[in-house]
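Subject: Structure for your review

Dear colleague,

Please find the structure below, followed by a summary of what was found in it.

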Amino acid sequence: MMPLLSTQDLQAFWLTLRLAATVTAVLLLLGTPLAWWLAQTRSRWQRPVAAVIALPLVLPPTVLGFYLLMLLGPQGAVGRLIAAMGLSALPFTFGGLVVGSVLYSLPFVVQPLNNAFEAIGARPLEVAACLRASPWDRFFSIACPMALPGFITAAVLGFAHTMGEFGVVLMIGGNIPGQTRVLSMRIFDHVEAGEYSQAHTLSLCLLVFSFAALLAMSLLRPRRVERG
Amino acid sequence: MAERRAPNLRERDDPRGLEATLAWRRGQLAIELNIALPPRGITALFGPSGAGKTSCLRAIAGLDRDSAGTASLGDEVWQDSTRHVFVPPHRRRLGYVTQEASLFVHRSVAGNLDYGYRRAGQPKHIDRDALIDQFGLRALLGRRVDALSGGERQRVAIVRALLSDPSLLLFDEPLSALDATARNDLLGRLESLHATLAVPMIYVSHAIEEVARLADYLVLLDAGHVVAQGALQATLTRLDLPAALTEAVGAVIEGTVVGHDAHDHLTELAFAGGTLFVPRRGDVLGQRLRCRIGARDVVLTHERQTGSSALNQIRACVIAMADADHPSQCLVQLDAGGSVLLARITRRSWHALALVPGSAVWAQVKAVALGA
C-alpha cells in the first residue's frame, strides 16, 4: 500500500505551513496599524483606503496575481526598483508568494481587527488619556488587550486563508517544488494527473484543518463581557 | 450676567485655579465658557439637561479639540488658540470620572486602580492604602470589574482618578446612574473626601441636593452660557437667575451639630440665624453639616406659631422680592441673622401679609423637608 502522503506531498504541506505562518506574521504587523488607523482617523481617505484593502474579497485572485506579476516582474515598476537595489526578482520565489498572499489575505486580517478596535469605543481610550497614558501607551495598554478576540480571529482567518489560496499562487508563484508548490497547487497537479485518491487525502487535510481553525477560533474567543 | 472674574474669592497672592475662556459649537448650541475658579475646593457646574455641562468638562479636559480660546490651571497654560498651544489630556494631570464608570474590563480592580498610579510614578504623598480603605475597596482588589455593582464601580473609578495624582478633578455626574442607597453612600464618602481634598474639583451635576452638600463654589450654566458664578450660598440665593434655574434656588445653611434627639431621631444644627432640626444624619457633635432649605419649603408668618407642626421657626427680615417663573408666585429673599434664606410664596400671600423690604417675619421650615 502507498504511504498516505508522498514526500512531495509532505514537502508541499510544510511549505504551505511555512508560508501561512510567515504571511500571518507579516499580516498582523502590517494589518494592526492599518486597522488602528482606519478605526481612529477622521481623514477623508479612510473610505477609499478601506475599499482598496477590501478589494481582494471581490476580485478574482487571478486578476490580483496578474497585476502583481506585472508590477513585480522585470518590466514592472516595483520589479525594476528591486533590481536596481540589487535584490533578486520576486516572481516565482517564496518571497513573491509571501507578497502576493499578504495582499490577498489583507482584508481577512484588517477587517476583524478594525471591528475589534471600533468596538472598544472612544471612552476607554479617553479615560486612559486622563490617567496620563500617551497615545502609544493607550494603544498597547488598552486597545490591544481589549481587541484580543479580534487578533485571534484575524490570525486564524489570515492563516487559514493563506493555507488554501490558489489563484494568486498560480499567477505569481508558479509550481516549483520546495519553493512555491503549495498544497492547493499539489492538489491541482494530482487531479490533472488523475490521482484522485492523493488529491482526496490532501483536500481532506485542508478541510479538516479549516474546520479545526474555525472551531479553535470560536473556542478561544473570551466569553462576551457584560457592560453597563 | 456672566462675570469675567471673581477676585473677591481669593487673595492677591493666592495661587490661581482653573481659568478658562473657551467658545465652541456643539450642534445647534453655541457654548461659551468663561470661568475663573478658586485653586481649592469643589466647584459645581450646575444647570438643566442640555445646558452643555459635559461638553464644558470635555473642553476643559482637552478631550474635544474644537474649542477656541484659553485655558490654564495656575501657571500651566493648557490651551491658547492664538499661540497654537494645546496640551493633550494625558499631560494635563486630570482625574476624570464619568457618569457610568468606565473601568477597563481587561483589568482587575487593582489593575484599574494602579493604571494611573503607576503612570504618575507612585508618588509618595498619595496614600494608596488609605484611599482604598476610605472608599471600601480593600475586599474588591482582586475582583473582575464586570462583577462589581454600580456603586462599587464608581468608587473604583473615583479612587483610580485620585491615585493618578491629579492637579484637577473633573467629576461628571458620578452619582446619577446609581440607585438611592448607593448614591447616599457615595455622597457621604465624597463629603469626607471634600474635607481632605488638596486639589480643586469641578463637579458636574443637575441634582441640586448633591451640589448643596458638596460644592463651595457654583457655576450656573444655561443654554451654553455661564449665567452666574460665585460662592455657593450667595449664588443660590440670588433673585436674578434665569427661569430654567429657579427650581434650584434656595438657601444652603452650614451649621454645627449641637445635639441629637435619640428618641425622635432628630439632629439639631446651630447656624448664624438660630438652630434647625433636621432628620437624624448620624453625625458626631461639633461636626459641620450642610442643609439645603428649598424656597418651596419655607412658609412665612408674621407671628411665631404655637400650634404648628413645622419644627423650625426662624426669625428673619425681608431683603427683597422678585418675580418667580410662574406669574402667581414670587421669590422672597430673607436675612436670618446673616444667613440668607429664600421663600417662594404666592403674590396673594405677599400682599395679604403686606410685606415690604424690611418687614420682620418668621420663616417656618418643616424638618421633614430637610432630609438628606
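How many residues of chain A are in contact with chain B? The answer is 16 residues of chain A, which are in contact with 17 residues of chain B; contact requires C-beta atoms, placed from the backbone, within 7 Å. The model is predicted: local features need pLDDT of at least 70 and side-chain atom pairs count only at pLDDT 80 or more, while totals for chains, interfaces and linings use all residues. Residues are numbered from 1 along each chain as its sequence is written, with chains lettered from A and ligands numbered from 1 in the order in which they are written.

On the side of chain A that touches chain B, α6(A) gives the most, with six residues. Helices (H or I, at least four residues) and strands (E, at least two) are DSSP runs, numbered from the N terminus.

The largest nonpolar core has 161 residues. Such a core joins buried Ala, Val, Leu, Ile, Met, Phe, Trp, Tyr and Cys residues through C-beta atoms within 7 Å, buried meaning 20 or more other C-beta atoms within 10 Å of a residue's own. Its largest share, 13 residues, comes from helix α5 (residues 94–120) of chain A.

Four bridges join β16(B) to β20(B), where Trp362(B) is the bridge partner of Thr301(B).

Yours sincerely

Notes:
A residue is buried if 20 or more other C-beta atoms lie within 10 Å of its own, exposed if 12 or fewer, and partly exposed in between; C-beta atoms are placed from the backbone. Two strands pair if DSSP finds at least two bridges between them. Two residues are in contact if their C-beta atoms, placed from the backbone, lie within 7 Å.
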